[in-house]
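The sequence and structure are shown below.

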Amino acid sequence: MSVSPLAGSLPSRDMLVDVERLVSAYYSCTPDVSDPAGRVSFGTSGHRGSSLSGTFNEGHILAVTQAICDYRVAQGIGGPLFLGMDTHALSEPAMMTALEVLSANGVEVMISDGERWTPTPVVSHAILNWNRLHRDASADGILVTPSHNPPDDGGFKYNPPHGGPAGTSETSWIENRANTLLEEGLQGVRRATYEAALRSDSVHRYDFMNTYIDELDEVLDLEAVRHSGLRLGVDPLGGAGVHYWHRIAERYGLDLAVLNEQVDPTFRFMSLDYDGKIRMDPSSAWTMKPLVERSDEFDVAFACDTDYDRHGIVCRSSGLMPPNHYLAVMVNYLFRSRDSWGADAMIGRTSVTSAMIDRVAQELGRRVYEVPVGFKWFVDGLRTGSLGFGGEESAGASFLRRDATAWSTDKDGFIAALLSAEMTAKEGKDPAESYRELAERMGEPLYARIAAPATREQKARLKRLSPDDVVRRELAGEPVLAMMTTARGNGEPLGGLKIETRNGWFAARPSGTENVYKIYAESFRGPQHLACLQAEAREMVDAALAEV
(Lines give C-alpha, C1' and ligand atoms only; values in the text may rest on other atoms or scores of the structure.)
Protein backbone atom coordinates (compact mmCIF):
# COMPACT_ATOMS: atom_id res chain seq x y z
CA MET A 1 0.00 0.00 0.00
CA SER A 2 1.57 3.27 -1.12
CA VAL A 3 1.28 6.18 1.29
CA SER A 4 0.70 9.73 0.10
CA PRO A 5 3.20 12.36 1.28
CA LEU A 6 0.14 14.29 2.47
CA ALA A 7 -1.01 11.53 4.82
CA GLY A 8 -1.47 12.78 8.37
CA SER A 9 -1.54 16.46 7.42
CA LEU A 10 -4.52 18.79 7.29
CA PRO A 11 -6.18 19.31 3.90
CA SER A 12 -5.47 22.46 1.92
CA ARG A 13 -8.36 24.71 0.94
CA ASP A 14 -8.38 23.44 -2.64
CA MET A 15 -8.91 19.86 -1.37
CA LEU A 16 -12.17 20.72 0.39
CA VAL A 17 -15.48 19.78 -1.17
CA ASP A 18 -17.60 22.63 -2.54
CA VAL A 19 -20.70 22.03 -0.40
CA GLU A 20 -22.91 24.45 -2.35
CA ARG A 21 -22.03 22.75 -5.64
CA LEU A 22 -22.46 19.30 -4.09
CA VAL A 23 -25.97 20.06 -2.78
CA SER A 24 -26.95 21.86 -5.99
CA ALA A 25 -25.98 18.78 -8.01
CA TYR A 26 -28.08 16.61 -5.69
CA TYR A 27 -31.20 18.48 -6.80
CA SER A 28 -30.29 19.40 -10.39
CA CYS A 29 -28.76 16.20 -11.81
CA THR A 30 -31.09 13.48 -13.07
CA PRO A 31 -29.94 9.85 -12.79
CA ASP A 32 -29.08 8.21 -16.11
CA VAL A 33 -30.75 4.82 -15.83
CA SER A 34 -29.15 3.67 -19.09
CA ASP A 35 -25.77 3.83 -17.34
CA PRO A 36 -25.23 1.06 -14.75
CA ALA A 37 -23.44 3.59 -12.52
CA GLY A 38 -26.55 5.80 -12.55
CA ARG A 39 -28.90 3.10 -11.28
CA VAL A 40 -29.67 2.27 -7.68
CA SER A 41 -27.22 -0.29 -6.25
CA PHE A 42 -28.67 -1.19 -2.88
CA GLY A 43 -26.35 -3.62 -1.11
CA THR A 44 -25.82 -4.36 2.57
CA SER A 45 -24.48 -0.84 3.05
CA GLY A 46 -27.39 0.61 1.11
CA HIS A 47 -27.01 2.96 -1.84
CA ARG A 48 -23.85 5.08 -1.94
CA GLY A 49 -22.41 7.58 -4.37
CA SER A 50 -21.86 11.27 -5.00
CA SER A 51 -24.17 13.86 -6.52
CA LEU A 52 -21.22 15.17 -8.55
CA SER A 53 -20.91 11.84 -10.39
CA GLY A 54 -24.64 11.35 -10.85
CA THR A 55 -24.73 8.39 -8.46
CA PHE A 56 -26.44 9.96 -5.43
CA ASN A 57 -29.12 12.43 -6.45
CA GLU A 58 -32.65 13.33 -5.47
CA GLY A 59 -34.05 10.90 -8.03
CA HIS A 60 -32.21 8.01 -6.40
CA ILE A 61 -33.54 8.87 -2.94
CA LEU A 62 -37.10 9.40 -4.18
CA ALA A 63 -37.02 5.98 -5.83
CA VAL A 64 -35.36 4.14 -2.93
CA THR A 65 -37.65 5.66 -0.30
CA GLN A 66 -40.77 4.80 -2.30
CA ALA A 67 -39.39 1.30 -2.78
CA ILE A 68 -38.95 1.00 1.00
CA CYS A 69 -42.54 2.17 1.50
CA ASP A 70 -43.74 -0.45 -0.99
CA TYR A 71 -41.62 -3.10 0.73
CA ARG A 72 -43.16 -2.23 4.09
CA VAL A 73 -46.66 -2.71 2.63
CA ALA A 74 -45.68 -6.02 1.02
CA GLN A 75 -44.22 -7.29 4.31
CA GLY A 76 -46.96 -5.93 6.57
CA ILE A 77 -44.59 -3.68 8.51
CA GLY A 78 -46.99 -1.30 10.27
CA GLY A 79 -44.99 0.26 13.07
CA PRO A 80 -43.00 3.50 12.98
CA LEU A 81 -39.89 4.06 10.88
CA PHE A 82 -36.97 5.56 12.81
CA LEU A 83 -35.10 8.02 10.57
CA GLY A 84 -31.54 9.14 11.30
CA MET A 85 -28.74 10.92 9.48
CA ASP A 86 -25.05 11.77 9.92
CA THR A 87 -23.10 14.96 9.28
CA HIS A 88 -22.12 14.48 5.60
CA ALA A 89 -23.24 17.35 3.39
CA LEU A 90 -25.61 15.18 1.34
CA SER A 91 -27.25 13.58 4.35
CA GLU A 92 -29.62 16.40 5.25
CA PRO A 93 -31.04 16.98 1.75
CA ALA A 94 -31.47 13.21 1.35
CA MET A 95 -33.18 12.99 4.72
CA MET A 96 -35.56 15.78 3.71
CA THR A 97 -36.38 14.00 0.46
CA ALA A 98 -37.01 10.75 2.32
CA LEU A 99 -39.31 12.44 4.81
CA GLU A 100 -41.37 13.93 1.98
CA VAL A 101 -41.96 10.47 0.50
CA LEU A 102 -42.51 8.69 3.81
CA SER A 103 -45.08 11.27 4.89
CA ALA A 104 -46.96 11.11 1.57
CA ASN A 105 -47.17 7.33 1.99
CA GLY A 106 -48.65 7.66 5.47
CA VAL A 107 -45.67 6.08 7.23
CA GLU A 108 -45.38 6.94 10.92
CA VAL A 109 -41.89 8.46 11.12
CA MET A 110 -39.75 9.10 14.19
CA ILE A 111 -37.24 11.93 13.72
CA SER A 112 -34.83 13.31 16.27
CA ASP A 113 -36.15 15.74 18.84
CA GLY A 114 -33.67 18.58 19.28
CA GLU A 115 -30.47 16.93 17.99
CA ARG A 116 -30.04 17.09 14.19
CA TRP A 117 -27.90 13.98 13.84
CA THR A 118 -28.61 10.41 14.89
CA PRO A 119 -25.91 7.69 14.96
CA THR A 120 -26.53 4.31 13.33
CA PRO A 121 -26.41 2.24 16.57
CA VAL A 122 -28.87 4.63 18.22
CA VAL A 123 -31.43 3.93 15.47
CA SER A 124 -30.84 0.17 15.78
CA HIS A 125 -31.31 0.41 19.54
CA ALA A 126 -34.55 2.37 19.07
CA ILE A 127 -35.94 -0.22 16.63
CA LEU A 128 -35.20 -3.08 19.02
CA ASN A 129 -36.68 -1.25 22.00
CA TRP A 130 -39.90 -0.49 20.11
CA ASN A 131 -40.29 -4.02 18.83
CA ARG A 132 -39.67 -5.49 22.26
CA LEU A 133 -42.74 -3.64 23.55
CA HIS A 134 -44.95 -3.57 20.43
CA ARG A 135 -45.12 -7.02 18.88
CA ASP A 136 -48.25 -6.19 16.88
CA ALA A 137 -46.71 -3.36 14.82
CA SER A 138 -43.02 -3.77 13.95
CA ALA A 139 -40.73 -0.78 13.52
CA ASP A 140 -37.83 -0.41 11.09
CA GLY A 141 -35.41 2.36 10.14
CA ILE A 142 -33.49 4.36 7.55
CA LEU A 143 -29.95 5.65 8.09
CA VAL A 144 -28.77 8.44 5.81
CA THR A 145 -25.00 7.98 5.88
CA PRO A 146 -22.08 6.83 3.73
CA SER A 147 -20.27 5.78 6.91
CA HIS A 148 -16.60 6.91 7.02
CA ASN A 149 -16.45 7.73 3.29
CA PRO A 150 -15.13 11.08 1.96
CA PRO A 151 -17.14 14.31 2.35
CA ASP A 152 -18.57 14.35 -1.19
CA ASP A 153 -20.25 10.96 -0.71
CA GLY A 154 -23.81 10.23 0.31
CA GLY A 155 -25.34 7.02 1.62
CA PHE A 156 -28.81 5.61 2.30
CA LYS A 157 -29.35 2.39 4.29
CA TYR A 158 -32.39 0.40 5.38
CA ASN A 159 -32.63 -1.53 8.65
CA PRO A 160 -35.58 -3.97 8.78
CA PRO A 161 -37.44 -4.82 12.02
CA HIS A 162 -34.54 -6.93 13.30
CA GLY A 163 -32.69 -3.61 13.69
CA GLY A 164 -29.54 -4.51 11.77
CA PRO A 165 -28.30 -4.15 8.19
CA ALA A 166 -30.73 -5.45 5.59
CA GLY A 167 -30.05 -8.88 4.11
CA THR A 168 -29.86 -9.86 0.47
CA SER A 169 -33.58 -10.59 0.12
CA GLU A 170 -34.52 -7.12 1.38
CA THR A 171 -31.87 -5.21 -0.54
CA SER A 172 -32.59 -7.03 -3.82
CA TRP A 173 -36.31 -6.29 -3.54
CA ILE A 174 -35.72 -2.62 -2.77
CA GLU A 175 -33.07 -2.22 -5.49
CA ASN A 176 -35.24 -3.79 -8.19
CA ARG A 177 -38.31 -1.75 -7.24
CA ALA A 178 -36.28 1.49 -7.05
CA ASN A 179 -34.78 0.97 -10.51
CA THR A 180 -38.22 0.23 -11.94
CA LEU A 181 -39.43 3.53 -10.51
CA LEU A 182 -36.46 5.33 -12.08
CA GLU A 183 -37.13 3.70 -15.45
CA GLU A 184 -40.76 4.86 -15.24
CA GLY A 185 -39.71 8.45 -14.63
CA LEU A 186 -40.62 8.30 -10.91
CA GLN A 187 -44.32 8.25 -11.77
CA GLY A 188 -45.04 5.85 -8.93
CA VAL A 189 -43.47 8.06 -6.27
CA ARG A 190 -45.80 9.75 -3.79
CA ARG A 191 -44.41 12.95 -2.33
CA ALA A 192 -45.44 15.78 -0.02
CA THR A 193 -43.64 19.06 0.52
CA TYR A 194 -41.10 19.09 3.31
CA GLU A 195 -43.07 21.71 5.24
CA ALA A 196 -46.26 19.66 4.95
CA ALA A 197 -44.41 16.54 6.06
CA LEU A 198 -43.14 18.25 9.20
CA ARG A 199 -46.69 19.43 10.03
CA SER A 200 -48.31 16.06 9.34
CA ASP A 201 -49.71 13.85 12.07
CA SER A 202 -47.52 10.97 10.90
CA VAL A 203 -44.18 12.64 11.71
CA HIS A 204 -43.19 12.49 15.38
CA ARG A 205 -40.30 13.77 17.47
CA TYR A 206 -38.35 11.13 19.36
CA ASP A 207 -35.66 11.60 22.01
CA PHE A 208 -33.04 9.32 20.48
CA MET A 209 -30.19 10.71 22.55
CA ASN A 210 -31.48 10.38 26.09
CA THR A 211 -33.29 7.10 25.46
CA TYR A 212 -30.02 5.56 24.29
CA ILE A 213 -27.73 7.18 26.87
CA ASP A 214 -30.00 6.37 29.83
CA GLU A 215 -29.68 2.65 29.05
CA LEU A 216 -25.91 2.50 28.52
CA ASP A 217 -25.42 1.13 32.02
CA GLU A 218 -27.41 -1.94 30.91
CA VAL A 219 -24.63 -2.89 28.51
CA LEU A 220 -21.57 -1.40 30.28
CA ASP A 221 -20.35 -1.08 33.87
CA LEU A 222 -19.94 2.69 33.83
CA GLU A 223 -20.15 2.86 37.62
CA ALA A 224 -16.76 1.14 37.73
CA VAL A 225 -15.39 3.71 35.29
CA ARG A 226 -16.70 6.57 37.42
CA HIS A 227 -15.13 5.21 40.61
CA SER A 228 -11.81 4.49 38.89
CA GLY A 229 -11.05 8.15 38.25
CA LEU A 230 -9.73 7.34 34.77
CA ARG A 231 -8.94 10.29 32.54
CA LEU A 232 -10.65 9.64 29.20
CA GLY A 233 -10.49 11.45 25.87
CA VAL A 234 -12.66 11.32 22.75
CA ASP A 235 -12.41 12.87 19.32
CA PRO A 236 -15.91 12.79 17.75
CA LEU A 237 -14.37 13.23 14.25
CA GLY A 238 -17.19 15.62 13.39
CA GLY A 239 -19.71 12.78 13.31
CA ALA A 240 -23.31 12.13 14.31
CA GLY A 241 -22.44 11.43 17.96
CA VAL A 242 -20.61 14.69 18.54
CA HIS A 243 -23.10 15.98 21.12
CA TYR A 244 -23.65 12.65 22.85
CA TRP A 245 -20.34 12.57 24.69
CA HIS A 246 -20.92 15.48 27.08
CA ARG A 247 -24.31 14.00 27.97
CA ILE A 248 -22.73 10.58 28.59
CA ALA A 249 -20.03 12.11 30.80
CA GLU A 250 -22.59 14.10 32.76
CA ARG A 251 -25.07 11.23 33.14
CA TYR A 252 -22.46 8.74 34.41
CA GLY A 253 -19.96 11.05 36.12
CA LEU A 254 -17.05 10.29 33.79
CA ASP A 255 -13.87 12.33 33.50
CA LEU A 256 -14.16 12.58 29.73
CA ALA A 257 -12.56 15.31 27.64
CA VAL A 258 -14.26 15.99 24.28
CA LEU A 259 -11.37 17.22 22.17
CA ASN A 260 -13.02 18.56 19.06
CA GLU A 261 -16.69 19.46 18.73
CA GLN A 262 -16.48 20.95 15.25
CA VAL A 263 -19.10 19.91 12.73
CA ASP A 264 -18.25 21.03 9.21
CA PRO A 265 -19.42 19.16 6.09
CA THR A 266 -16.05 19.81 4.44
CA PHE A 267 -14.33 18.00 7.36
CA ARG A 268 -11.47 20.48 7.02
CA PHE A 269 -10.28 19.57 10.55
CA MET A 270 -9.54 15.93 9.63
CA SER A 271 -5.98 14.79 9.02
CA LEU A 272 -5.66 13.12 5.63
CA ASP A 273 -5.79 9.34 5.31
CA TYR A 274 -3.01 7.14 3.86
CA ASP A 275 -3.97 8.05 0.26
CA GLY A 276 -4.21 11.78 0.84
CA LYS A 277 -8.02 11.78 1.00
CA ILE A 278 -10.31 12.98 3.74
CA ARG A 279 -11.85 9.93 5.34
CA MET A 280 -13.31 9.66 8.84
CA ASP A 281 -11.83 6.26 9.61
CA PRO A 282 -11.02 5.76 13.33
CA SER A 283 -8.93 2.67 12.59
CA SER A 284 -6.48 4.62 10.40
CA ALA A 285 -3.23 5.77 12.03
CA TRP A 286 -3.17 8.74 9.64
CA THR A 287 -6.71 9.88 10.37
CA MET A 288 -6.20 9.39 14.10
CA LYS A 289 -2.84 11.16 14.23
CA PRO A 290 -4.10 14.20 16.22
CA LEU A 291 -5.58 11.99 18.93
CA VAL A 292 -2.56 9.69 19.04
CA GLU A 293 -0.29 12.71 19.55
CA ARG A 294 -2.26 13.49 22.73
CA SER A 295 -2.40 9.91 24.01
CA ASP A 296 -0.17 10.66 27.00
CA GLU A 297 -2.89 12.99 28.36
CA PHE A 298 -5.35 10.14 28.90
CA ASP A 299 -5.51 6.68 30.43
CA VAL A 300 -7.42 5.64 27.32
CA ALA A 301 -8.94 7.60 24.42
CA PHE A 302 -11.18 6.76 21.48
CA ALA A 303 -13.01 7.95 18.39
CA CYS A 304 -15.82 6.79 16.12
CA ASP A 305 -16.54 7.30 12.44
CA THR A 306 -19.20 9.62 11.03
CA ASP A 307 -22.23 7.43 11.75
CA TYR A 308 -20.67 5.85 14.85
CA ASP A 309 -20.69 2.24 13.76
CA ARG A 310 -16.86 1.94 13.89
CA HIS A 311 -14.40 2.58 16.69
CA GLY A 312 -10.75 3.40 17.24
CA ILE A 313 -8.94 2.88 20.57
CA VAL A 314 -5.86 4.86 21.61
CA CYS A 315 -3.87 3.68 24.62
CA ARG A 316 -1.25 5.57 26.55
CA SER A 317 0.97 2.49 26.50
CA SER A 318 1.03 1.97 22.72
CA GLY A 319 -0.98 4.50 20.71
CA LEU A 320 -3.66 3.38 18.25
CA MET A 321 -4.58 -0.28 18.57
CA PRO A 322 -4.98 -2.32 15.38
CA PRO A 323 -8.66 -3.30 15.10
CA ASN A 324 -7.94 -7.03 15.29
CA HIS A 325 -5.99 -6.58 18.51
CA TYR A 326 -8.84 -4.78 20.20
CA LEU A 327 -11.43 -7.28 18.98
CA ALA A 328 -9.46 -10.11 20.59
CA VAL A 329 -9.20 -8.18 23.86
CA MET A 330 -12.94 -7.39 23.77
CA VAL A 331 -13.78 -11.07 23.35
CA ASN A 332 -11.45 -12.16 26.14
CA TYR A 333 -12.79 -9.56 28.55
CA LEU A 334 -16.50 -9.81 27.76
CA PHE A 335 -16.77 -13.58 27.98
CA ARG A 336 -14.91 -13.59 31.30
CA SER A 337 -16.88 -10.72 32.86
CA ARG A 338 -20.49 -11.21 31.65
CA ASP A 339 -21.73 -13.90 34.05
CA SER A 340 -25.32 -13.73 32.77
CA TRP A 341 -24.36 -14.70 29.24
CA GLY A 342 -25.19 -18.33 28.63
CA ALA A 343 -22.48 -20.97 28.37
CA ASP A 344 -23.53 -21.57 24.77
CA ALA A 345 -23.29 -17.92 23.64
CA MET A 346 -20.93 -17.87 20.68
CA ILE A 347 -18.26 -15.49 19.41
CA GLY A 348 -19.02 -14.08 15.97
CA ARG A 349 -16.28 -13.02 13.59
CA THR A 350 -15.96 -12.55 9.84
CA SER A 351 -13.76 -14.81 7.72
CA VAL A 352 -11.05 -12.16 7.35
CA THR A 353 -10.85 -11.25 11.04
CA SER A 354 -7.81 -12.36 13.07
CA ALA A 355 -7.47 -16.03 14.03
CA MET A 356 -6.25 -14.74 17.40
CA ILE A 357 -9.95 -14.69 18.28
CA ASP A 358 -10.07 -18.46 17.68
CA ARG A 359 -7.20 -18.98 20.11
CA VAL A 360 -8.90 -16.79 22.70
CA ALA A 361 -12.15 -18.71 22.15
CA GLN A 362 -10.39 -22.03 22.66
CA GLU A 363 -9.01 -20.85 25.99
CA LEU A 364 -12.48 -19.62 26.97
CA GLY A 365 -14.15 -22.84 25.87
CA ARG A 366 -16.41 -20.93 23.47
CA ARG A 367 -17.48 -21.72 19.92
CA VAL A 368 -16.54 -19.33 17.11
CA TYR A 369 -19.24 -18.54 14.56
CA GLU A 370 -17.36 -17.57 11.39
CA VAL A 371 -19.30 -15.80 8.62
CA PRO A 372 -18.58 -14.02 5.32
CA VAL A 373 -17.70 -10.32 5.31
CA GLY A 374 -20.71 -8.23 6.35
CA PHE A 375 -22.24 -7.42 9.72
CA LYS A 376 -25.66 -8.57 8.48
CA TRP A 377 -24.60 -12.15 9.25
CA PHE A 378 -24.48 -11.40 12.99
CA VAL A 379 -27.94 -9.86 13.22
CA ASP A 380 -30.01 -12.93 14.09
CA GLY A 381 -27.45 -14.17 16.61
CA LEU A 382 -27.25 -10.84 18.41
CA ARG A 383 -31.05 -10.51 18.36
CA THR A 384 -31.65 -13.95 19.87
CA GLY A 385 -28.63 -14.01 22.17
CA SER A 386 -26.98 -17.02 20.51
CA LEU A 387 -24.07 -14.65 19.81
CA GLY A 388 -22.64 -12.75 22.74
CA PHE A 389 -20.40 -10.73 20.43
CA GLY A 390 -20.03 -10.02 16.73
CA GLY A 391 -17.00 -8.25 15.26
CA GLU A 392 -15.29 -7.58 11.96
CA GLU A 393 -11.74 -6.58 11.07
CA SER A 394 -12.79 -3.12 9.89
CA ALA A 395 -13.32 -2.00 13.51
CA GLY A 396 -17.02 -2.75 13.80
CA ALA A 397 -18.60 -4.68 16.69
CA SER A 398 -21.60 -5.05 18.93
CA PHE A 399 -22.43 -7.22 21.92
CA LEU A 400 -25.25 -8.13 24.28
CA ARG A 401 -26.50 -6.26 27.30
CA ARG A 402 -25.20 -7.46 30.62
CA ASP A 403 -28.42 -9.47 31.09
CA ALA A 404 -27.78 -11.29 27.77
CA THR A 405 -30.54 -9.52 25.81
CA ALA A 406 -30.02 -7.61 22.56
CA TRP A 407 -28.63 -4.08 22.67
CA SER A 408 -27.93 -3.18 19.03
CA THR A 409 -27.96 -5.48 16.02
CA ASP A 410 -25.90 -2.99 14.05
CA LYS A 411 -22.29 -2.06 14.78
CA ASP A 412 -22.01 0.23 17.80
CA GLY A 413 -18.95 2.46 18.10
CA PHE A 414 -20.12 3.99 21.38
CA ILE A 415 -20.16 0.77 23.39
CA ALA A 416 -16.98 -0.56 21.79
CA ALA A 417 -15.20 2.69 22.72
CA LEU A 418 -16.57 2.88 26.25
CA LEU A 419 -15.79 -0.78 26.89
CA SER A 420 -12.10 0.15 26.65
CA ALA A 421 -12.67 2.39 29.68
CA GLU A 422 -14.56 -0.32 31.56
CA MET A 423 -11.87 -2.93 31.05
CA THR A 424 -9.13 -0.46 31.99
CA ALA A 425 -11.02 0.47 35.15
CA LYS A 426 -11.69 -3.10 36.24
CA GLU A 427 -8.45 -4.77 35.17
CA GLY A 428 -5.98 -2.02 36.04
CA LYS A 429 -4.37 -2.12 32.60
CA ASP A 430 -5.31 -0.64 29.27
CA PRO A 431 -6.47 -2.79 26.31
CA ALA A 432 -3.04 -2.69 24.63
CA GLU A 433 -1.42 -4.10 27.77
CA SER A 434 -4.11 -6.78 27.88
CA TYR A 435 -3.39 -7.69 24.29
CA ARG A 436 0.32 -8.08 25.00
CA GLU A 437 -0.54 -10.60 27.70
CA LEU A 438 -2.72 -12.54 25.24
CA ALA A 439 0.09 -12.53 22.67
CA GLU A 440 2.57 -13.83 25.22
CA ARG A 441 0.29 -16.80 25.90
CA MET A 442 -1.07 -17.48 22.43
CA GLY A 443 1.44 -16.13 19.95
CA GLU A 444 1.89 -12.78 18.22
CA PRO A 445 0.12 -12.69 14.85
CA LEU A 446 0.99 -10.34 12.02
CA TYR A 447 -1.93 -9.32 9.80
CA ALA A 448 -1.98 -7.45 6.49
CA ARG A 449 -4.12 -6.79 3.45
CA ILE A 450 -2.76 -6.24 -0.06
CA ALA A 451 -4.32 -5.93 -3.51
CA ALA A 452 -3.50 -7.60 -6.82
CA PRO A 453 -4.74 -6.63 -10.31
CA ALA A 454 -7.76 -8.47 -11.70
CA THR A 455 -10.10 -7.91 -14.62
CA ARG A 456 -13.86 -7.86 -14.20
CA GLU A 457 -14.01 -11.39 -15.61
CA GLN A 458 -11.33 -12.63 -13.21
CA LYS A 459 -13.15 -11.10 -10.25
CA ALA A 460 -16.30 -12.94 -11.31
CA ARG A 461 -14.29 -16.17 -11.55
CA LEU A 462 -12.85 -15.64 -8.08
CA LYS A 463 -16.37 -15.43 -6.66
CA ARG A 464 -17.18 -18.79 -8.25
CA LEU A 465 -13.91 -20.49 -7.29
CA SER A 466 -14.06 -23.99 -5.80
CA PRO A 467 -11.46 -25.65 -3.52
CA ASP A 468 -11.07 -28.20 -6.32
CA ASP A 469 -9.62 -25.42 -8.50
CA VAL A 470 -6.60 -25.11 -6.16
CA VAL A 471 -4.25 -28.07 -6.55
CA ARG A 472 -1.47 -27.23 -4.06
CA ARG A 473 -1.66 -28.83 -0.65
CA GLU A 474 1.08 -26.80 1.06
CA LEU A 475 1.19 -23.09 1.91
CA ALA A 476 4.28 -21.21 3.14
CA GLY A 477 5.98 -24.42 4.26
CA GLU A 478 3.02 -25.86 6.16
CA PRO A 479 0.39 -28.42 5.17
CA VAL A 480 -2.95 -26.95 4.15
CA LEU A 481 -5.53 -27.81 6.83
CA ALA A 482 -8.61 -26.29 5.22
CA MET A 483 -9.67 -24.76 1.91
CA MET A 484 -13.07 -23.14 1.78
CA THR A 485 -15.33 -20.98 -0.34
CA THR A 486 -18.18 -21.01 2.16
CA ALA A 487 -18.11 -19.80 5.75
CA ARG A 488 -17.54 -22.35 8.47
CA GLY A 489 -20.26 -20.88 10.71
CA ASN A 490 -23.29 -20.38 8.48
CA GLY A 491 -22.30 -22.05 5.20
CA GLU A 492 -22.81 -18.88 3.18
CA PRO A 493 -20.51 -18.10 0.20
CA LEU A 494 -17.34 -16.21 1.08
CA GLY A 495 -17.26 -14.52 -2.32
CA GLY A 496 -13.72 -15.84 -2.73
CA LEU A 497 -11.29 -18.39 -1.32
CA LYS A 498 -9.77 -18.97 2.12
CA ILE A 499 -6.92 -21.38 2.93
CA GLU A 500 -5.67 -22.19 6.43
CA THR A 501 -2.57 -23.81 7.91
CA ARG A 502 -1.55 -24.35 11.52
CA ASN A 503 0.16 -20.96 11.85
CA GLY A 504 -1.34 -18.85 9.11
CA TRP A 505 -4.09 -18.28 6.60
CA PHE A 506 -5.05 -16.15 3.64
CA ALA A 507 -8.34 -15.13 2.06
CA ALA A 508 -8.76 -13.69 -1.43
CA ARG A 509 -11.85 -11.66 -2.35
CA PRO A 510 -12.64 -9.46 -5.35
CA SER A 511 -13.03 -5.74 -4.78
CA GLY A 512 -16.50 -4.39 -5.40
CA THR A 513 -15.23 -1.03 -6.67
CA GLU A 514 -11.79 -1.55 -8.24
CA ASN A 515 -10.20 -3.92 -10.77
CA VAL A 516 -8.27 -5.75 -8.07
CA TYR A 517 -8.71 -8.63 -5.71
CA LYS A 518 -7.74 -8.30 -2.07
CA ILE A 519 -5.55 -10.73 -0.18
CA TYR A 520 -5.96 -10.83 3.58
CA ALA A 521 -3.24 -12.81 5.35
CA GLU A 522 -2.12 -13.54 8.89
CA SER A 523 0.93 -15.31 10.27
CA PHE A 524 1.80 -16.47 13.76
CA ARG A 525 5.41 -17.06 12.69
CA GLY A 526 6.69 -13.58 11.89
CA PRO A 527 7.16 -11.15 8.99
CA GLN A 528 9.01 -13.52 6.65
CA HIS A 529 6.28 -16.12 6.96
CA LEU A 530 3.64 -13.44 6.33
CA ALA A 531 5.44 -12.31 3.18
CA CYS A 532 5.64 -15.92 2.03
CA LEU A 533 1.92 -16.38 2.68
CA GLN A 534 1.11 -13.30 0.62
CA ALA A 535 3.38 -14.26 -2.28
CA GLU A 536 2.15 -17.84 -2.48
CA ALA A 537 -1.45 -16.74 -2.06
CA ARG A 538 -1.17 -14.46 -5.05
CA GLU A 539 0.56 -17.18 -7.05
CA MET A 540 -2.11 -19.75 -6.16
CA VAL A 541 -5.04 -17.48 -6.91
CA ASP A 542 -3.57 -16.21 -10.19
CA ALA A 543 -2.95 -19.80 -11.31
CA ALA A 544 -6.47 -20.85 -10.37
CA LEU A 545 -8.01 -17.89 -12.19
CA ALA A 546 -5.95 -18.64 -15.29
CA GLU A 547 -7.18 -22.23 -15.37
CA VAL A 548 -10.86 -21.65 -14.69
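## The enclosed cavity

A cavity is a set of grid points where a 1.4 Å probe fits but cannot get out, and its lining residues have an atom within 4 Å of a point. The model examined here is predicted. A search of the whole structure finds one cavity of 30 Å³ or more. The largest cavity holds about 40 Å³ of space.

The lining of the largest cavity consists of Pro282, Ser283, His311, Gly312, Ile313, Leu320, Met321, Pro322, Pro323, Tyr326 and Ala395. Two elements give two or more residues to this lining, namely strand 10 (311-315) and helix 11 (323-337). Strand 10 provides the largest share, with three residues.

## The second largest pocket

The second largest pocket has a volume of about 270 Å³. Its lining residues are Leu128, Asn131, Arg132, Arg135, Ser138, Pro161, His162, Arg383, Thr384, Ala404, Thr405 and Ala406. Helix 4 (120-133) and helix 13 (379-384) are the elements that give two or more residues to the lining of the second largest pocket. The largest share, three residues, comes from helix 4.

## Annotated domain spans

According to an unreviewed UniProt entry, the annotation "domain: Alpha-D-phosphohexomutase alpha/beta/alpha" covers residues 40-180, 211-315 and 323-441. Residues 211-315 are 22% helix and 18% strand, and the end C-alpha atoms of this span lie 30 Å apart. Residues 323-441 are 47% helix and 16% strand, with 19 Å between the end C-alpha atoms.

## Aromatic pairs and the cluster

The structure holds 18 aromatic pairs. One of them joins Tyr71 and Trp173, whose ring centres are 5.4 Å apart with 65° between the planes, an edge-to-face arrangement. Tyr71 belongs to helix 2 (residues 58-75) and Trp173 to helix 5 (residues 168-183), so this pair ties together parts that are 102 residues apart in sequence. Tyr71 counts as buried because its relative accessibility is 8%, under the 20% limit. Trp173, with a relative accessible area of 33%, is partly exposed.

A further pair is formed by Tyr212 and Phe414; its ring centres lie 5.5 Å apart and its planes meet at 50°, so the pair is tilted. Tyr212 is in helix 7 (residues 208-213) and Phe414 in helix 14 (residues 413-427), so the contact ties together parts that are 202 residues apart in sequence. Tyr212 is buried, at 0% relative accessibility, and Phe414 is likewise buried, at 0%. Both residues belong to one aromatic cluster, which is formed by Tyr212, Tyr244, Trp245, Phe302, Tyr308, Trp407 and Phe414.

## Arginines over aromatic rings

Two arginines can be described in relation to ring faces. Arg251 lies over the face of Tyr252, at 4.7 Å from the ring centre. Arg359 lies over the face of Phe524, at 3.6 Å from the ring centre.

## Cysteines

How many disulfides does the structure contain? With a disulfide taken as a pair of cysteine sulfur atoms within 2.5 Å, the count comes to zero.

Cys29 counts as partly exposed because its relative accessibility is 33%. Cys532 is also partly exposed, at 29% relative accessibility.

Methods:
Residues are numbered from 1 along each chain as its sequence is written. This is a predicted model: local features need pLDDT of at least 70, side-chain atom pairs count only at pLDDT 80 or more; totals for chains, interfaces and linings use all residues. Side-chain values use heavy atoms; hydrogens and water are left out. Buried means under 20% relative accessible area, exposed over 50%, partly exposed in between (1.4 Å probe, protein chains only). UniProt positions are given in the numbering used here, feature names are shortened, and annotations may be inferred rather than shown by experiment. Helices (H or I, at least four residues) and strands (E, at least two) are DSSP runs, numbered from the N terminus. Rings of Phe, Tyr and Trp (its six-membered ring) pair if their centres lie within 6.5 Å; planes under 30 degrees apart count as stacked, over 60 as edge-to-face and the rest as tilted. A charge sits over a ring if NZ of Lys or CZ of Arg is within 6 Å of the ring centre and within 35 degrees of the ring normal. On a 1 Å grid over the protein atoms alone, a cavity is a set of points where a 1.4 Å probe fits but cannot get out, and a pocket is an open set with protein on both sides within 12 Å along at least five of seven lines; lining residues have an atom within 4 Å of a point. Grid points are joined across faces, edges and corners, and a volume is the space filled by probe spheres set on the points.
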